[in-house]
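Please keep the structure open while reading.

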Amino acid sequence: MRRPFIAGNWKMNTTKADAVALASALASGINADANADVAVCPPGVYLDAVVAAVSGSAVAVGAQNMHHEASGAYTGELSGGMLQDIGCTYVILGHSERRHVFGESSSDVNKKVHTALALGLKPIVCVGELLEEREAGKTADVNSEQLYGSLAGVTAEQMANVTLAYEPVWAIGTGKVATPEQAEAVHADIRKFLAYRYNDEVANSVRIQYGGSVKPGNANELLSQPNIDGALVGGAALSAESFLGIIAAA
Ligand code: PGA
């Protein structure tokens, strides 16, 4: 049985005061016996303050991105070691905005995945197709290219620390949620990929989150699909009430 995993991606939003208030509200609002793992991924500059705000609670903290190198002349970047140093547990890698706005390839994502795993950070590896790719019947091809490329060289044992997130790009921030059937079909395909690429144990244990306009009102239907094990939430993660509503649906 896979334990649901709900993560909030705050993207480039909030002030420091808002970030701490939101994190504190989640830390105190979440039941210790909640039937889900929960993480928040604030902007990098607020990670430290959010780690402090959720300390001792059931809320873990993740970063939204990292550089694959340990240190050096990479102006503006954060290393995995820095994230680990301040208490991050997770790191989102290959989010569609990193892939499509910042031009990251699956091979870039792959380098980061290896660095994160070597450091003991748990990557949330995102994949998903654009609307034109879906309309051209390329959904399966695009997702399998992103999965193969992003997970190249990652062993079956390492997959115990990896979460996957399927985020159809056309559903992110658009209010256009994939139907539970559309999402479940891709999640089932991803699980088949894991069985083929690794083995049944990996396929049965890796958690696959759905992301793209998840809200308290649609979370229950999405999360009740057999292959949807959680959610990566953007907009609705910016309010404690709606994020706690999604956690309650899990
Ligand atoms: P959204 O974003 O929930 O605002 O659609 C999801 C994501 O980008 O992870």
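Predicted model: local features only at pLDDT ≥ 70, side-chain atom pairs only at ≥ 80, totals over all residues.

## Ligand site

Glu167 uses its side chain. An N or O atom of that side chain is 2.6 Å from a ligand oxygen. In total, 13 residues surround the ligand. The closest are Lys11, His95, Glu167, Gly173 and Ser213.

## Helix H7 against helix H8

Helix H7 spans residues 139–150, and helix H8 spans residues 180–197. Their axes come within 11 Å and cross at roughly 45°. H7 is therefore oblique to H8. The crossing of H7 past H8 is right-handed.

On the H7 side, the contact is made by Thr139, Ala140, Asn143, Leu147 and Tyr148. H8 brings Val186, Asp189, Ile190, Phe193, Tyr196 and Arg197. By class, this contact of H7 with H8 holds 7 nonpolar, 2 polar and 2 charged residues.

## Helix H5 against helix H7

H7 also meets helix H5, which covers residues 106–119. The axes of H5 and H7 come within 7 Å and cross at roughly 40°. That angle makes H5 oblique to H7. The crossing of H5 and H7 is right-handed.

From H5, the contact takes in Ser106, Val109, Asn110 and Val113. From H7, Glu145, Gln146, Gly149 and Ser150 take part. The residues in this contact of H5 with H7 divide into 2 nonpolar, 5 polar and 1 charged.

## Arg2 before strand E1

Where is Arg2 found? Arg2 sits in the segment before strand E1, residues 5–9. Its side chain makes polar contacts with backbone oxygens. A polar atom of the Arg2 side chain lies 2.8 Å from the backbone oxygen of Asn204. The Arg2 side chain also reaches the backbone oxygen of Pro226, at 3.1 Å.

Which residues does Arg2 touch, leaving out those up to four places away in sequence? They are Arg191, Ala203, Asn204, Ser205, Val206, Arg207, Pro226, Asn227 and Asp229.

Note on methods. Residues numbered from 1 in each chain as written. Heavy atoms only, no water. Axes fitted to C-alpha atoms, helices over the stretch in contact; angles between N-to-C directions. Helix = DSSP H or I, 4+ residues; strand = E, 2+ residues; numbered from the N terminus. Parallel < 35°, antiparallel > 145°, perpendicular 65-115°, else oblique. Left-handed = near helix turned anticlockwise from the far one by under 90°. Contact = heavy atoms within 4.5 Å. Nonpolar A, V, L, I, M, F, W, Y, C, P; charged D, E, K, R; others polar. Near = heavy atom within 4 Å. Polar contact = N/O pair within 3.5 Å; in protein donor to acceptor, adjacent residues only side chain to side chain.
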